[in-house]
Amino acid sequence: MANSGKKLMDGGGVAFQTLPRAAGDDNADDDYVRPPPRPLVSTVHDKPATHPQQVHISVVGANRMRICWVTDDDDGRSSPPSVVEYGTSPGEYTASATGDHGTYSYSDYKSGAIHHVTIGPLEPATTYYYRCGAGEEEELSLRTPPAKLPVEFVVIGDVGQTEWTAATLSHIGEKDYDVALVAGDLSYADGKQPLWDSFGRLVQPLASARPWMVTEGNHEKEKTPPPPPVAGAGAGVRLSPSRFAAYNARWRMPREESGSPSSLYYSFDAAGGAAHVVMLGSYAYVEERGEGTAEQRAWLERDLAGVDRRRTPWVVAVAHGPWYSTNGAHQGEGERMRRAMEPLLYDARVDVVFSAHVHAYERFTRIYDNEANSQGPMYITIGDGGNVDGHSDKFIEDHELAHLSEFREMSFGHGRLRIVSETKAIWTWHRNDDQHATVRDVVVLESMAGAKTN
């Protein structure tokens with residue numbers, strides 16, 4: 001592993017390490033041989049139909065968690081109850097909560113019963129043991145996020161379910177974290193609904209133990225399905241006209257708690273309000289029936305106006321489509337959204353913006369309106385979770401933004417944002433090197449809370 005020539009540079013509220021550049025792939029190691037694409041992994045459900053599967057959890061408000069799972073029964077009406085029993089000791093459940101369940105149809109596919117239960121109030125930074133449904137079901141455990149700093153986010157995007165995905169998930173699981181931020185393109189189902197089920201099973205070991213906060217990508221957007229055959233449309237089946245029917249049904253996020261009018265964008269607080277995370281919807285315009293970005297922009301303006309930077313020193317934004325990229329893939333696709341919303345992020349002194357969509361890693365300096373600006377957010381593209389489409393392998397050498405791009409590499413991997421204090425955070429990008437995750441990029445960020453508006 002060539003790792004010589006590190007240099008620490010300061011300026012504009014950021015210190016960063018640069019690693020040696022190589023021909024072709026700007027920051028690639030000379031001795032690193034990038035493996036070829038890998039096939040889909042297979043995850044089967046080999047337990048009874050009523051056994052909970054695809055379990056994942058998400059943050060709801062200050063001290064609650066939503067638990068979601070699926071049961072493979074034939075009719076949502078005959079499903080096991082949507083009940084979660086939980087407690088702080090293994091096998092001892094001192095509390096329970098009841099929620100709801102439903103199904104959806106897409107063409108001739110009918111989902112199993114999708115259960116959603118919100119538990120709490122919960123103590124921060126505490127391990128809870130829980131089981132979903134009634135009876136002697138499998139016991140799982142989760143840990144709630146801390147109520148104060150430090151807090152650590154794992155950041156991934158364009159996840160998919162290939163062998164590379166499995167490697168990324170394995171590397172994530174090797175080191176603890178508090179919350180995962182997923183910047184869209186989860187399952188790569190693309191209308192093939194059983195792939196949503198296999199994806200849920202693939203990520204369950206991680207997503208059932210720590211909250212996964214997700215936003216939609218273009219691969220969540222589905223063609224409007226034809227109505228199912230009459231013979232297959234059983235009682236209790238709900239056919240949604242939404243282009244995001246599967247995503248909305250399976251990955252319910254805290255839209256109501258953040259005042260969002262759409263399931264495709266929302267916000268939440270972490271570390272007792274020390275960090276505010278805005279999950280933007282790059283494809284919300286599909287659902288807004290000609291409103292473009294106006295409805296989301298109005299919500300974002302209200303949301304950011306409610307953030308007191310004296311109490312919340314860190315603000316993070318996540319969207320699927322990048323606003324800044326020197327990669328040849330998807331050039332200009334985020335421009336309309338950038339023009340509508342970038343001024344709001346700049347005025348709010350957002351610290352960092354994560355995106356995906358481009359299947360590579362790239363980190364920019366702080367930017368506003370296509371120019372370096374010490375008071376703008378840092379932009380990081382991390383669409384390298386392991387998707388089936390492979391890498392976005394062509395960076396544009398003479399791109400007009402190339403001088404603002406501090407690090408770029410065509411590899412799979414994941415990132416970690418550890419907010420250490422009110423003023424300092426550390427970002428690391430971990431490349432998949434076969435059985436190991438190698439740290440390839442390290443950045444020390446200073447909070448923008450104290451930056452003054454020009």
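Analyst: A strand here is a DSSP run of E with at least two residues, and strands are numbered from the N terminus. The model is predicted.

User: Where does that place Pro-150?

Analyst: Pro-150 sits in a loop.

User: What is the omega of the peptide bond that joins Leu-149 and Pro-150?

Analyst: Omega is about 10 degrees, and the bond between Leu-149 and Pro-150 is cis. Most peptide bonds are trans.

User: Which peptide bond has omega near 5 degrees?

Analyst: The bond from Gly-120 to Pro-121, which is also cis. Pro-121 belongs to the loop between strand 10 (113-119) and strand 11 (127-132).

User: Why is Asp-185 called buried?

Analyst: Buried means under 20% relative accessible area. Asp-185 has 0%, so Asp-185 counts as buried.

User: What is the phi of Asp-185, and where is this residue found?

Analyst: Phi is near 60 degrees, a positive value, and Asp-185 is not a glycine. Most residues other than glycine have a negative phi. Asp-185 lies in the loop between strand 14 (179-182) and helix 2 (194-207).

User: What makes Arg-349 buried?

Analyst: The cut-off is under 20%. The relative accessible area of Arg-349 is 3%, therefore Arg-349 is buried.

User: Is the phi of Arg-349 positive or negative?

Analyst: Positive, near 55 degrees, in a residue other than glycine. Arg-349 is in the loop that runs between helix 5 (335-347) and strand 19 (352-355).

Key:
Residues numbered from 1 in each chain as written. Predicted model: local features only at pLDDT ≥ 70, side-chain atom pairs only at ≥ 80, totals over all residues. Heavy atoms only, no water. Helix = DSSP H or I, 4+ residues; strand = E, 2+ residues; numbered from the N terminus. Buried < 20%, exposed > 50% of the residue type's maximum accessible area, 1.4 Å probe, protein only.
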